[in-house]
Amino acid sequence: MYVGTLSCDFLLGDVRSLKEKRSVVRPIVAELIRKYAVTAAEVGHQDLHRRTVIGLAAISGDAGHLTDILDRCERLLAARPEVELLSVRRRIHHEDDE
């Protein structure tokens, strides 16, 4: 069993309030969940209106399949015109890792 995670730091565009931020972040998270069957959520910078961190996790029995899912999610996030992807942190854990 392999578990993969992505943590993506974003700078948001012309957002002036936390309410506007939610209107940008929620559709991104929903699309990740719908398209790729991953678990996703806003996991950082909740109190800042122009920054966010979106985290996601996926599980698979095959490392290659898991890498493919994470690659697709990262490409989807990088292609969003309303946000600027600043950094991505990727981790893949195997059940035998200590």
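Guide: We go from the whole chain to the sheet, then to one residue. Keep in mind that this is a predicted model.

Visitor: How many helices and strands does the protein chain have, and what pattern do they follow along the sequence?

Guide: Count two helices and four strands. Read along the sequence, they give β-α-β-β-α-β.

Visitor: How compact is the protein chain for its length?

Guide: Compare the radius of gyration with the globule rule. The chain has 14 Å, close to the 13 Å that the rule gives for 98 residues, so it is as compact as a globular protein of that length. Along its principal axes, the C-alpha trace spans about 45 × 25 × 20 Å.

Visitor: What share of the residues counts as buried?

Guide: The share is 34% of the 98 residues. The chain exposes about 5,900 Å², and carbon and sulfur atoms supply 51% of that area. Sequence separation is also worth a look. Take contacts between residues at least 6 apart: 70% of them join residues at least 24 apart.

Visitor: Now the sheet. In what order do the strands lie?

Guide: First the general idea. Strands of a sheet pair through backbone hydrogen bonds, either parallel or antiparallel. Here the four strands form an open sheet in the order 2-3-1-4, with antiparallel pairing. Strand 2 (39-44) and strand 4 (83-94) are the edges, each pairing on one side only. From one strand to the next, the twist averages 20 degrees.

Visitor: How many bridges join strand 1 to strand 3?

Guide: Ten bridges link strand 1 (residues 2-12) with strand 3 (residues 51-60), and the two run antiparallel.

Visitor: Which strands does helix 1 touch?

Guide: Helix 1 (residues 18-36) packs on the sheet and touches strand 1, strand 2, strand 3 and strand 4. Its direction makes about 10 degrees with that of strand 3.

Visitor: Let us finish with one residue. Is aspartate 9 buried or exposed?

Guide: Check the relative accessible area against the cut-off: buried means under 20%. Aspartate 9 has 14%, so it is buried. This residue lies in strand 1.

Visitor: What does the side chain of aspartate 9 meet in a polar contact?

Guide: The side chain of arginine 51, at 2.5 Å. Then widen the view to contacts beyond four places in sequence. For aspartate 9 these include Arg51, Thr52 and Val53, and also Glu84, Leu85, Leu86 and Ser87. His45 is in contact with aspartate 9 as well.

Technical notes: Residues numbered from 1 in each chain as written. Predicted model: local features only at pLDDT ≥ 70, side-chain atom pairs only at ≥ 80, totals over all residues. Heavy atoms only, no water. Pairing = 2+ DSSP bridges. Axes fitted to C-alpha atoms, helices over the stretch in contact; angles between N-to-C directions. Contact = heavy atoms within 4.5 Å. Buried < 20%, exposed > 50% of the residue type's maximum accessible area, 1.4 Å probe, protein only. Polar contact = N/O pair within 3.5 Å; in protein donor to acceptor, adjacent residues only side chain to side chain. Rg over C-alpha atoms; globule rule 2.2 N^0.38 Å. Areas by Shrake-Rupley, 256 points an atom, 1.4 Å probe, with all protein chains shown as cover.
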